[in-house]
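Reader: Please take me through a few features of this structure, one at a time. I would like the general idea before each case.

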Amino acid sequence: MADLRSMDTLVSLAKRRGFVFQSSEIYGGLGSVWDYGPLGVELKRNLTDRWWRSMVQHRDDIEGLESAILMHPRVWEASGHVSGFNDPLVDCKQCKNRFRADDSRLKGTPGEPDAQCPVCGNKGTLTAPRQFNLMFRTFMGPVEDAAAQTYLRPETAQGTYVNVYNVMQAARLKIPFGIAQIGKAFRNEITPGNFIFRTREFEQMEMQFFVKPGDDEEWFAHWREARMQWHQDLGIRAEKLRFHEHCPDELAHYAKQAEDIQYEFPFGWQEFEGIHNRTDFDLSRHQEYSGKRMEYIDAESKERFIPYVVETALGVGRLLLVALVDAYQEEDVEGEKRVVLKLHPSVAPIKAGIFPLVKKDGMPEIAQRIHADLQKRFRVFYDDGGSIGRRYRRQDEAGTPFGLTVDGQTLEDQTVTVRDRDTLRQERVATDQLIGYLAERVVG
Ligand code: GAP
C-alpha cells in the first residue's frame, strides 16, 4: 500500500475522473482558479453538509446565516482589512515578475544590488518590499470612482459580526452562542498554487462563537479539541494531523490566540483550519465605525459587555484536498496496481456502483431496477461497460464504497454480491435489504 507521493498524480486523477478542472482551460487557464466537476461537486456538497449538520442541525446553540459577498466598504475599514490585510511584495524591474518578500527563492536583500531575481536571474533588479492589499476591489453602480469602490469579502466572518444581534434576537439566543456560515471569499493571493490549496476564489465554513469576556480561553480550548476530533471522525488519519500555535508575529491583526490544524500534504505540513480568539476586536471596531452599540445585555444580571469571539475557520477546497490526499492509496492486488480513494462513505460522491455481471439473462434489467430503487435515496451509478474487474476499478478511483453485482445467483435467490471497496470482501445481500444496508453504512 502506498500513499500519494506527488500532487501531479492527484491533479491528473482529479481531471480524468471529474473532481476538479482548471478554470477557463480552453483559454489557457486562469491563475489559481478551479472548477469542480461532477464528482467534485458531490464530494464538496457532502463535506459542507456534514459540517453544517454537526455545527448547526445537531445543536441548539448555533444558528446559520448566509450574508452577502458585497458589504458596505466601511466594514473593511472597521475590520482592519483595508489597512492591515497586506502582503509585502517585491517586483523585478527586468522581467516584471512579482514575489512575496518572504519567498524562499529570493537571494540577497531586495532593493539592494546583491539581490537576485529567481526567474530571470538578474542582480540588482528587485525593488524593496512594498505593501500589497489582498482584497479584490470592485465598483458598485455605474460610476467607477472612489465613492463607488467596495471589495469582494476576504472572509465570511464580517457578515456574521454585522448581523450578530439580528440573528440573536430572531433566534432568541443567549450567550454563549454561535453563528455558522458557508460562503465564498476572495483574496488576490500573490503566490497561489499547489492545486486547490491556495486559490484566489475559495469557499469557507466559518463559525463565530460569542462568549462572555473571561470565558474565551475555555471556549477556545473546547473548539480546538472539537475541531480536531471532527476531522478524525471524517476518517482523516490522526498521524497526518497536528496543531500549530501561532507565535506573536504570525497572529492576524484581530487575534489574541490562534492555532492552526495542519495536514501533512505531499508538499509538507500546511494549515487547513484555523481556530482564533478574536476577542472583542471586531465588534468593538464595528461599534466605533458604525456608531451603533454592539453590547450584549445579560437579561438576568443586567450586565453589559461586548462579547468575545472564538472563531473556527475552515476552507472547503482545502478540506476537500485533505480528504482526497488522505484517501488516495495505491495497492498491489494480484500483481496489478489498484488506485483507490478510501473516502469516508458519508462523503463519497457515489455510494454504490450497480453492475450486471453480463449483459444477458435478464441481469441488466434487474440491475436497472435496483438502480432506480436506490436512486431515490442515494447517489448511485449503473455501469454495464467492460469487464467486471474494470468496472470495480473505475469505482475504486471515484471513491465509491460499495459495488453491487447482479449475477447468476441473483436469478435464483434475489441476492446480490456486495463488494467492499476497502477490504475487497464480498458478501451476499438480499435485494430488498439493500436500502437498509446502505443507509446504515453511508449516512454520516
Ligand atoms: N475568518 C478568519 C480567516 O479567514 P484564515 O486563516 O485567513 O482565517 C481560514 O482562513 C481558512 O480559509 C484557512 O485555514 C484555509 O482553509 C482557507 N483559506 C484561506 N485562504 C485561502 C486561499 N487563498 N485558498 C484556499 N483556502 C483558503
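Reader: At what angle do helix 2 and helix 7 pack, and how far apart are their axes?

Author: In this predicted model, helix 2 (residues 38–57) and helix 7 (residues 216–233) pack at an angle of about 140°, and their axes are 12 Å apart. Angles over 145 degrees would count as roughly antiparallel, so helix 2 is oblique to helix 7. The crossing of the two helices is right-handed.

Reader: Which residues of helix 2 and helix 7 make the contact?

Author: Helix 2 contributes Leu-47, Arg-50, Trp-51, Ser-54 and Met-55. From helix 7 come Trp-223, Arg-227, Trp-230 and Asp-233. Sorted by class, this contact has five nonpolar, three charged and one polar residues.

Reader: How is helix 2 placed against helix 9, roughly perpendicular or roughly parallel?

Author: The general idea is that angles of 65 to 115 degrees count as roughly perpendicular. Helix 2 and helix 9 (residues 316–327) pack at about 105°, with axes 10 Å apart, and the two are therefore roughly perpendicular to each other. On helix 2 the contact is made by Gly-40, Leu-43, Lys-44, Leu-47 and Thr-48; on helix 9 it is made by Val-316, Leu-319, Leu-320 and Leu-324. The classes here are six nonpolar, two polar and one charged.

Reader: How many residues surround the ligand, and which are the closest?

Author: The ligand is surrounded by 19 residues, and the closest are Glu-155, Thr-199, Glu-206, Glu-271 and Glu-311. For polar contacts, look at pairs of N or O atoms within 3.5 Å. A side-chain N or O atom of Glu-155 is 2.5 Å from a nitrogen atom of the ligand. Glu-311 has a polar side-chain atom 2.7 Å from a ligand nitrogen. The side chain of Arg-187 has an N or O atom 2.8 Å from an oxygen atom of the ligand.

Reader: What should I look for in the backbone?

Author: Most peptide bonds are trans, and most residues other than glycine have a negative phi.

Reader: Which peptide bond is cis, and where is its proline found?

Author: The bond from Ile-175 to Pro-176 is cis, with omega near 5°. Pro-176 is in the loop between helix 6 (164–170) and strand 9 (177–186).

Reader: What is the phi of Ser-32, and in which loop is Ser-32 found?

Author: Ser-32 has phi near 60°, a positive value in a residue other than glycine. Its loop runs between strand 1 (20–22) and strand 2 (34–36).

Notes. Residues are numbered from 1 along each chain as its sequence is written. This is a predicted model: local features need pLDDT of at least 70, side-chain atom pairs count only at pLDDT 80 or more; totals for chains, interfaces and linings use all residues. Side-chain values use heavy atoms; hydrogens and water are left out. Axes are lines fitted to C-alpha atoms, for helices over the stretch in contact, and angles run from 0 to 180 degrees between N-to-C directions. Helices (H or I, at least four residues) and strands (E, at least two) are DSSP runs, numbered from the N terminus. Angles under 35 degrees count as roughly parallel, over 145 as roughly antiparallel, 65 to 115 as roughly perpendicular and the rest as oblique. A crossing is left-handed if the near helix is turned anticlockwise from the far one by less than a right angle, and right-handed if clockwise. Contact means heavy atoms within 4.5 Å. Ala, Val, Leu, Ile, Met, Phe, Trp, Tyr, Cys and Pro count as nonpolar, Asp, Glu, Lys and Arg as charged, and the others, Gly among them, as polar. A residue is near a molecule or strand if one of its heavy atoms lies within 4 Å of it. A polar contact is a pair of N or O atoms within 3.5 Å; within protein, one must be able to donate a hydrogen and the other to accept it, and residues adjacent in sequence count only if both atoms are side-chain atoms.
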